[in-house]
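Hi there,

Here is the structure I promised to pass on. Have a look at it first, and then read on for what turned up in it.

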Amino acid sequence: MLSPAAGCILGGSGRHCRVSMLDIGSSSEEEGGDDSARGPRFCNQSALAPGEMFSPSPALPFTLSKSWNSCCQQNLEPPSAAHWDGQNRCWEWIKQVGCYAQDWGKLSWLDAQLLTAESGKCPVPALAPMQPLRSPELCEHYNHGAALEVGEEEAQDARRWVNMHVNILVLNLLHDVERWEFISKRMAQLGLEISRVGGLDFTLPSAYTDAKRSGLIPMDYNYSRAQDIADTEFQDMHGIAGTMGCVAAHLNAMRYAVARSGERPLTLILEDDVSLEDDFAVKLRRLLEDEAPCDWVAISLKSKCPYGRCVSPRLTGVGPDGNEPEDRCRHGVDYGFYAMLYRSTDLEAVSQRLSETVWNETRPHCLDIDVALASISDQVAYYAVPGMQSPGFLTEGGHSSSRVINNGKADVVNLAYEDEMMHREARAKKQGLPIESCAVYGCIGYSPFNRCQCNEVPPPN
């Protein structure tokens, strides 16, 4: 249940709070106990110092000298159309050259800054270190994601452990049979049980309005306003229909998981183009039992361009990027909802907080659900495995992005028209009129998707 206190943090047990919190999640004392005596362990009570709880600082920018600040704000052209007063363009170039252009995060931030400095777009780290991850010596190591040497007994035990404690849900567009077959085959090879949750494609007629009627999107959400703002130079986003479908699909999977939260204490939501590593089950169990702090609410098993603080060899505590404007949702880091692990009992609260964040027309970058969760990571105990640790828990399967493809299909379906239909329906209901009436649809041209044709004759085939 949400605490009424302002500035609360979602995660952990209330007795471990430094500030007023959401009193949810499993007890750290119970989870730190012996497996046989107190049940399964989903965290390590000693992962943080006694009495400590990871509490990321408010979104703060890098601290640079006055001269470097001036250089990074004035002497460089930004790498994209988006720019604003006080923009740290050195940081923008580090992300562009050292992260996005390097297969989205295969380099450590130190190597990313060194590479960017070679092109004259930022200072060398020795002169002005720009370290997005505090305590980088703890987790910024490529080999921390190396394959494990695991005996068959431990591997079998880990598979049983995952199937017993983790609901694994796979997001998949129902018409995308190839992807479903791909991930089904891989999960069968690993001996892991999965359930399919249909994705959402807002380029299909009525899919958007159906999502509104089901409560996945607020009824008063205005697509036209969000798209207009997304098209501005400041946001520099363009099409958003695919991104909206992606975020709604994740929220739908969370809703599905909440309904089944009593089945297993953990929920893992996978996107359908991931391929889990052979040692995935062992790595997951070890991560939770050996490294995960007990206040965790959500863990991304692969986060590209991470921002925050290393808290263990394979985990960062995610923090919002204070170098980026709040109106852009602190956009640009912590990419990756490929494999999201949640405590099942916390999912309803997480989903509610996320929904409030993403469905804000004035901040369309928050439609990127990974960016949205990172932007509120000062309120939610969110951790992530750095994507530069290779191969880590998973690789992407090499399929094209449905989100990106659908973002380019703005002309396929008219979401602004569907919004207008919803407004008309609301007015009709308020007046006591049936939504099938012409008071809703007006006498418009024939379409097979209109509920009322106003006596229009279908055009000949």
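Below are my notes, going from the whole chain to individual residues.

A word on the ground rules before the findings. This is a predicted model, so local features need pLDDT of at least 70 and side-chain atom pairs count only at pLDDT 80 or more, while totals for chains, interfaces and linings use all residues. Residues are numbered from 1 along each chain as its sequence is written, and side-chain values use heavy atoms, with hydrogens and water left out.

**The chain as a whole**

The protein chain has 17 helices and 13 strands; these are DSSP runs numbered from the N terminus (helices: H or I, at least four residues; strands: E, at least two). Of its 461 residues, 53% are buried. Buried here means under 20% relative accessible area, exposed means over 50%, and partly exposed is in between, with a 1.4 Å probe and protein chains only. Taking contacts (heavy atoms within 4.5 Å) with a separation of 6 or more, 73% are between residues 24 or more positions apart.

Helix H10 spans residues 223-230, and its buried residues are Tyr-223, Ala-226, Gln-227 and Ala-230. They sit on the same side of H10, because they cover an arc of only 95° around the axis; the arc is that of the directions from the helix axis to the C-beta atoms. In general, an α-helix has 3.6 residues a turn, so residues three or four places apart point the same way. Among the elements covering the buried residues of H10 are helix H9 (207-213), helix H11 (241-259) and helix H16 (415-430). At the start of H10, Asn-222 brings a side-chain oxygen to within 3.1 Å of the backbone nitrogen of Ser-224.

**Two crossing helices**

Helix H4 (residues 89-100) and helix H5 (residues 109-118) have axes that come within 8 Å and cross at roughly 105°. H4 is therefore roughly perpendicular to H5, a label that applies from 65 to 115 degrees (under 35 is roughly parallel, over 145 roughly antiparallel, the rest oblique). The axes are lines fitted to C-alpha atoms, for helices over the stretch in contact, with angles from 0 to 180 degrees between N-to-C directions. On the H4 side, the residues that meet H5 include Trp-91, Trp-93 and Ile-94. Their counterparts in H5 include Trp-109, Ala-112 and Leu-115.

**Salt bridges**

How many salt bridges are there? The count comes to 19, where a salt bridge is a side-chain nitrogen of Lys or Arg within 4 Å of a carboxyl oxygen of Asp or Glu. Three of them may interest you:

- Asp-210 and Arg-213 form a salt bridge at 3.7 Å, N to O. They are 3 residues apart in helix H9, so about one helical turn separates them. Asp-210 is partly exposed at 39% relative accessible area, and Arg-213 is partly exposed at 34%.
- Glu-263 pairs with Arg-260, with the closest N and O atoms 3.1 Å apart. Glu-263 is partly exposed at 47%, whereas Arg-260 is buried at 18%.
- Arg-285 pairs with Glu-289, with the closest N and O atoms 3.0 Å apart. Both lie in helix H12 (residues 280-291), 4 residues apart, about one turn of the helix. Arg-285 and Glu-289 are both buried. Through shared partners, salt bridges join Asp-157, Arg-160, Arg-285 and Glu-289 into one network.

**Backbone details to check**

Most residues other than glycine have a negative phi, and most peptide bonds are trans.

- Ser-390 and Pro-391 are joined by a cis peptide bond, with omega about -5°. Pro-391 is in the loop between strand S12 (382-386) and strand S13 (394-396).
- Ser-135, not a glycine, has a positive phi of about 55°. Ser-135 lies in the loop between strand S3 (133-134) and helix H6 (136-139), and is partly exposed at 30%.
- Arg-330 also has a positive phi, near 55°. Arg-330 is in the loop between strand S10 (315-318) and strand S11 (339-343), and at 19% relative accessibility counts as buried.

**One last residue**

Ser-351 is in helix H13 (residues 347-358) and is buried, with a relative accessible area of 15%. Leaving out residues up to four places away in sequence, Ser-351 touches Leu-251 and Met-254. The C-alpha atoms of Ser-351 and His-250 are 9.1 Å apart, although 101 residues separate the two along the chain.

Best wishes

Technical notes:
Polar contact = N/O pair within 3.5 Å; in protein donor to acceptor, adjacent residues only side chain to side chain.
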